[in-house]
Each structure stands twice: as structure tokens, then as C-alpha cells.
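Opening the notebook on this one.

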Amino acid sequence: MRKRPSRNYNLIKFVAADVFPPSCELAMDILRLMSAYNDISEVLDWMIGTRSITTKRIASRKARIRMSIQNRMLLGFLHETFRVIDQLQGTAEFKEVKERLPERGIRSLKNLQLASGGEEPIRSRIKLTRDSVAFHYDRESFAKGASIYSSLFTERTKAASEIIFESGSRAYFFYPEQVREIVAFGFIEGDSGDQIPVKLGQFLTEAQKLMHEVGCFLDQLLPIYIEIKGLEPALRYESLTE
């Protein structure tokens, strides 16, 4: 097995309660935003790392089910990220932080705010999906998705699906994922089956951009928080390679 090349890391070590006291709203909001960044980053890494192209029929079905679950997890994490950003901006301490944000931090914050607005804001689609098919099994949403799925194909018989039973293992129900994709990614009557990979690709691109903006915003937010709270003496810096 080929040995993985060494990587360089920079660490910041601290006593948790000194730097992120539970009584400080701003500290807890930054902690929540860090959690959101971790969750989104890990799911995106998982998605990208498991999207190998396969020509085998059963393997491709299994991969599609996994991808559908990954997409819905990502939608849920993005929804919660927007809520944290809303609540962060509503605090008195953040007003001081915002005044000190450099241009890059302001730009990231504006880009995250823009995702909540516009003609077809990603936030509204995320909320709809989360509330109907991601973490809830809403009957009306499933009925709507099933109806639209059949209409995506000019020939009714091409709107097919299947159930896979793996010997000695488990079942794979493919149709629920096809239906939930319809609801999650905003398919409507008149769309074609060719739009499925296109819309999935667009969503992944949007999610990657949002994750990047959350990371950039945190990069600008943390130093300001450290400065305002006078926390520099509480931090210890270390570099290592492994």
C-alpha cells in the first residue's frame, strides 16, 4: 500500500471554559457556527469521496440511494446554519463585531444573506425539503413527488423503479429516493428526466459555495472575537507534521 504523504498542521490550544464561556452568547453562537462548518464539510467530503462512477447496475443503485441520503443530510445542516447566522446577527455583541469585520468578512456575510433572498433563494428550498422529505415523511409531499416523477418521462413505462434484495443482507428501496429527489430539488410538471443530474449537480455546487463562505466568515470572525475578549494570552500555538 502506498504511504500517504505527511501533512502540515497548525494548532491553537486553549482551556475551553476560558475561551468559550457558556454564559457568553457570542461565544456559543461562534461554537454553533463551527459545528455547522464541521457538519457541512464532513458531508461534502463524504459525498465527493464516494462518488466514484460505476457501470454495474446494482452498485449504481446503491450509490444513488447513498447520494440521496447525503444530499438530505446536507440540506438539514444548511437549514440549521442559516438559523445560527440569523440568531448571531440578532445579538447586541455582534453589532460591535460587524463594525470590525474586514471587507472579506462583510462580503462572506452578504453572500450568506443573499442565499436567503432573491427570486429562488436556496434557503426556502432547503426549508421546504427539510420539513417535507428530509427529516419528515409528509404524505402530501410524497404524493406530489410521485406524481411529478411519472410526468418527467414522455413514455409512462420509462418512469420505472425497483426493489433490490441482497442475499443474506438487506433490502434497497430505490423508488423513495427518486420521489424525494423530486421534492428536494424543485422539479415541476414539464421538467424532463434529463434535468435530474443537472439539478443535483447545481445543488452540490451551491452547497460547496455556501460552505466556503461559512469558512471565510469564521476566519474573519474568530480574530475579532479574540481581540474583543482579550483572549490572546489564553491561546497556545503549535505546528506539527504527521
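Is Tyr-237 buried or exposed? I get 51% relative accessibility, so Tyr-237 counts as exposed (over 50%; buried is under 20%, partly exposed in between, with a 1.4 Å probe and protein chains only).

Ground rules: this is a predicted model, with local features needing pLDDT of at least 70 and side-chain atom pairs pLDDT 80 or more, while totals for chains, interfaces and linings use all residues. Residues are numbered from 1 along each chain as its sequence is written, and side-chain values use heavy atoms, leaving out hydrogens and water.

Tyr-237 sits in strand S4, residues 236–241 (a DSSP run of E, at least two residues; helices are H or I, at least four).

Pocket entry. Ile-12, Phe-14 and Tyr-237 turn up again among the lining residues of the second largest pocket (an open set of points on a 1 Å grid where a 1.4 Å probe fits, with protein on both sides within 12 Å along at least five of seven lines; lining means an atom within 4 Å of a point). I noted a volume of about 230 Å³. Helix H9 gives the most to the lining, with four residues. The lining divides into 11 nonpolar, no polar and one charged.

Helix entry. Eight of the 10 residues of H8 are buried, so H8 is largely enclosed by the rest of the structure. Glu-177 and Arg-180 are among them. Just after H8, Gly-186 takes a positive phi of about 70 degrees.

How values were computed
Points joined across faces, edges and corners; volume = space filled by probe spheres on them. Nonpolar A, V, L, I, M, F, W, Y, C, P; charged D, E, K, R; others polar.
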